[in-house]
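Please read each point with the model at hand.

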Amino acid sequence: MSLDTGTEALARLAEERVDHRFKGLPPDAEGLTVGELAAQRRNLFSGGFATPVLALSAERLEHNLALMESYTERHGLAFAPHGKTSMAPQLFHRQTGRGAWGITLAVPHQVRVARAFGTRRVFLANELVDAPALRWIAAELERDADFRFVCYVDSVRGVELMDAALRGTGRPVDVVVELAAGEGARTGVRTEAECAAVADAVAGTETLRLVGVAGYEGEVPQADPDRVHGYLRRLVALAVEFDKAGRFAGLTEIVVSAGGSAWFDAVADVFADVPELSAPVLKLLRSGAYVSHDDGRYREVTPFNRVPEEGALEPAFRLWAQIVSRPSPEQAFANAGKRDAAYDLDLPVAQVIRRAGAERPATGVSVTGLSDQHAWLRTEPEADLEVGDWVGLGLSHPCTSFDKWQLIPVAEADGTVVDYIRTFF
C-alpha cells in the first residue's frame, strides 16, 4: 500500500453517502456525502441530529494528540499508539502526522484496515499463528518494501506454526519475544529461560527474525509502582541478556516495547535507563486510550495524575441522549443504552442537561443501569429534568465507546460539527 493510495483511501471516506447505517445523523442528510454534510457545519443541537448521538470534542481531541506527541518527544520515546482503541484511519493519520512511529494493532483484521489506508508501520501486540493471515502479511511485506511489521512470539509451538505458514515466502517476519507480566497474567513467556528457548526457536527458522522484546505492564498482578517498575526492569534486562548472547547480531535497530494507558510514566522512567546495546534501541510506547481519554477508568488511572506537571489529558467523548420517560419523581429514562454507551468498566455519568438551547450541570441526576436501549436515571429532589431534555453523558473506556459507532461527529465547543470520524470494527 503506497502512501498516495492510503491518502486517496482517506479522501474517499468523504465520498461515502449518509444513510440508515449511521446512528444519530440528521435524517434529512440522507443521500449527502459525508464531505457535503461536514461542509454544512451543522450544529449538533439544532442541526437535525437525532438522539442518541455520540460526539467527539474537536478541541479536546487536538489537545490530547498534541500532549502525547510532546510527552513522548520529551522522554525520548518512539510512539505507536494502539489503534484498536478507535479503529479510525483518520485518527491513525493524525497520530502519525503528530510524530507517531506507527500504529499498534491486535488482530489481523485490524492490520488489513490500517494497510488499506496507508499505514506503513504496524506493531502487532499479540501472537499471530493464523496461517492465512501470516501469508497475507508476507505478501504485503513482499509487495511493499516500505512496510514494517513486528509481532509477538511467546512459545516454541507458536514459532513452529508461524514457520510452517511462512515457508517459501520472501522477507522474514520480524518478531519480539513477549515477556509475561507475571504468573496468572495474560499472554507472554513466564520465565527468562523459556524466553531463551523461544528465541532459539526463532533463530532456527529462515522465515522469522528476532528484533527485540516486548510486554504489557498493565497485566502486572496487583499492580503498583514498585511492581510495575520491577517488571519493566526485567524486560530491559532480557533485552540486555539477549544482546550479550548475540541474538540481535546484524540488526540496525533493537526494539524494546511496552506501555498501556495506565503506566506510561513508569515506562518512561525505566526506558530512560536502557543501556547502550549493539544497535540503537527503539523504545516503543503503545498507549492508545489517550486519543479520546474518558470520564471514568482512564481519568482515574492516567499517569498524568501522578505527574501533573507534565500536563493533563481531557475527556473528548460525550454521548447525548434524550429523556423519553419520567414515570416518577425519583426516576427517568433516556434513550441510550448498551448499544450506544460503554459499560464494561463503569456506567456512564450524567454531566449536563440541555433544554431550549441552555445547558446546565446535571445536578441530582445519576445513571444506575443500562438496558439495551435505555439508560436508567435516578433523580434526587433537586433534579430539574423533563421529558424532552437532552442529557450529556460522560463515558468510561474509549475502546468500547468507539466500537458502537460507525460515524462519529466531531464538534467544536459551540456545537458546530466540523468533521466525521469513520470507524472499522
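1. Phe425 is in contact (heavy atoms within 4.5 Å) with Lys84, Thr85, Ser86, Met87, His109, Phe402 and Asp403, leaving aside neighbours within four places in sequence. Phe425 is found in the segment after β18 (417–422); helices (H or I, at least four residues) and strands (E, at least two) are DSSP runs, numbered from the N terminus. With 44% relative accessibility, Phe425 counts as partly exposed; in these terms, buried means under 20% relative accessible area, exposed over 50%, and partly exposed in between (1.4 Å probe, protein chains only). From C-alpha to C-alpha, Phe425 and Ala341 are 16 Å apart in space and 84 residues apart in sequence.

2. On the basis of the values: this is a predicted model, in which local features need pLDDT of at least 70 and side-chain atom pairs count only at pLDDT 80 or more, while totals for chains, interfaces and linings use all residues. Residues are numbered from 1 along each chain as its sequence is written, and side-chain values use heavy atoms, with hydrogens and water left out.

3. The structure holds 13 aromatic pairs. Rings of Phe, Tyr and Trp (its six-membered ring) pair if their centres lie within 6.5 Å; planes under 30 degrees apart count as stacked, over 60 as edge-to-face and the rest as tilted. The pair of Phe45 and Trp390 is edge-to-face, because the ring centres are 5.9 Å apart and the planes stand at 65 degrees. This pair links distant parts of the chain, 345 residues apart: Phe45 is in the loop between α2 (34–39) and β1 (53–57), and Trp390 is in strand β16 (residues 390–394). Phe45 counts as partly exposed at 22% relative accessibility, whereas Trp390, at 13%, counts as buried.

4. Phe264 lies in helix α10 (residues 264–271) and Phe304 in the loop between α11 (297–301) and β10 (317–328), so the pair ties together parts 40 residues apart in sequence. Both Phe264 and Phe304 are buried.

5. Ring pairs also link Phe45, Trp320 and Trp390 into a cluster. Arg354 lies over the face of Phe45, at 3.7 Å from the ring centre. The charged end of Arg247 sits over the ring of Phe242, 5.2 Å from its centre. The criterion is NZ of Lys or CZ of Arg within 6 Å of the ring centre and within 35 degrees of the ring normal.

6. Which residues of α8 are buried? They are Cys195, Val198, Ala199, Ala201 and Val202. The face turned away from the buried side of α8 carries the exposed residues Ala193 and Ala203. Covering the buried residues of α8 are, among others, β5 (148–153), α7 (156–166), β6 (173–178), β7 (208–214) and α9 (225–244).

7. Strand β9 (residues 281–285) is mostly covered, with four of its five residues buried. Strands pair if DSSP finds at least two bridges between them. Strand β8 (residues 254–258) runs parallel to β9 and is joined to β9 by five bridges; Val255 stands opposite Leu282 in β9. Strand β2 (residues 78–79) is also parallel to β9, through two bridges, and the bridge partner of Ala78 in β9 is Leu284.
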